[in-house]
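Dear colleague,

I am passing on the model we discussed. Please look it over first; my notes on what was found in it follow below.

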Amino acid sequence: MTVIAADYFRSYSVVGLLAVVGVLFVAVAFGAGKLLRPVVPTPEKLLTYECGVDPVGEGWAHTQVRYYVYAFLYVIFAVDSIFLFPWATVFAAPGYGAATLVEMFIFLGFLAVGLLYAYKKGVLTWA
């Protein structure tokens with residue numbers, strides 16, 4: 001029993017050692033960057049900019065929530081489309097055709113209901 005536990009913890013010790021080496025690598029890289037870079041602050045260097053253009057107006061910008069909703073809907077349907085690939089492989093296997101087809105149409109039905117709900121709420125209108 002102790003041999004099994006030792007092998008079990010030894011495999012995790014490799015993962016832990018790899019994590020420590022990764023953290024040390026990042027710490028050494030950041031430390032070397034801090035030591036080697038020149039530090040000459042000027043007013044121009046301390047000025048906030050975006051894409052090389054000096055800022056105009058306030059630093060806070062108002063963002064429309066609908067853009068986040070579009071992004072959220074995209075992520076939902078992109079993740080749901082990932083489930084179609086395993087379905088295609090199982091559908092090709094002998095003996096699973098009819099049951100898999102019914103399950104996939106139920107899944108696509110749920111997606112259609114969600115899309116219809118988003119359409120009825122006016123989420124999909126771009127205005």
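**Overall make-up**

The chain is built from five helices and has zero strands, so to speak in DSSP terms the order from the N terminus is α-α-α-α-α. Please keep in mind that this is a predicted model. The mean pLDDT of the chain is 80, with 84% of its residues at 70 or more.

Of the 127 residues, 6% count as buried. The accessible surface of the chain is about 11600 Å², and carbon and sulfur atoms account for 75% of that. Among contacts between residues at least 6 apart in sequence, 52% join residues at least 24 apart.

**Helix α5 and what follows**

Helix α5 covers residues 97-120. The buried residues of α5 are Thr100, Met104, Leu111 and Ala118. Residues three or four places apart in an α-helix point the same way, because there are 3.6 residues a turn.

After α5 comes glycine 122, with a positive phi near 85°. Leucine 124 also lies in the segment after α5. Is leucine 124 buried, exposed or partly exposed? Its relative accessibility is 35%, so leucine 124 counts as partly exposed, the class between 20% and 50%. Leaving aside residues up to four places away in sequence, leucine 124 touches Tyr70, Leu73, Leu115, Ala118 and Tyr119. One of these, Ala118, is on the list of buried residues of α5. Leucine 73 is 51 residues from leucine 124 in sequence, and their C-alpha atoms are 9.3 Å apart in space.

**A nonpolar surface patch**

Tyr74, Val75, Val79, Ile82 and Phe83 form a nonpolar patch on the surface. Together they have about 530 Å² of accessible area. Tyrosine 74 lies in helix α3, residues 65-82. Tyrosine 74 has a relative accessible area of 61%; exposed means over 50%, so tyrosine 74 is exposed.

Regards

Note on methods
Residues numbered from 1 in each chain as written. Predicted model: local features only at pLDDT ≥ 70, side-chain atom pairs only at ≥ 80, totals over all residues. Heavy atoms only, no water. Patch = residues over 30% accessible without salt bridge, like charges linked within 9 Å, V, L, I, M, F, W, Y side chains within 5 Å. Areas by Shrake-Rupley, 256 points an atom, 1.4 Å probe, with all protein chains shown as cover. Salt bridge = Lys/Arg side-chain N within 4 Å of Asp/Glu carboxyl O. Helix = DSSP H or I, 4+ residues; strand = E, 2+ residues; numbered from the N terminus. Buried < 20%, exposed > 50% of the residue type's maximum accessible area, 1.4 Å probe, protein only. Contact = heavy atoms within 4.5 Å. Expected span 1.5 Å × (residues − 1). pLDDT = per-residue confidence, 0-100.
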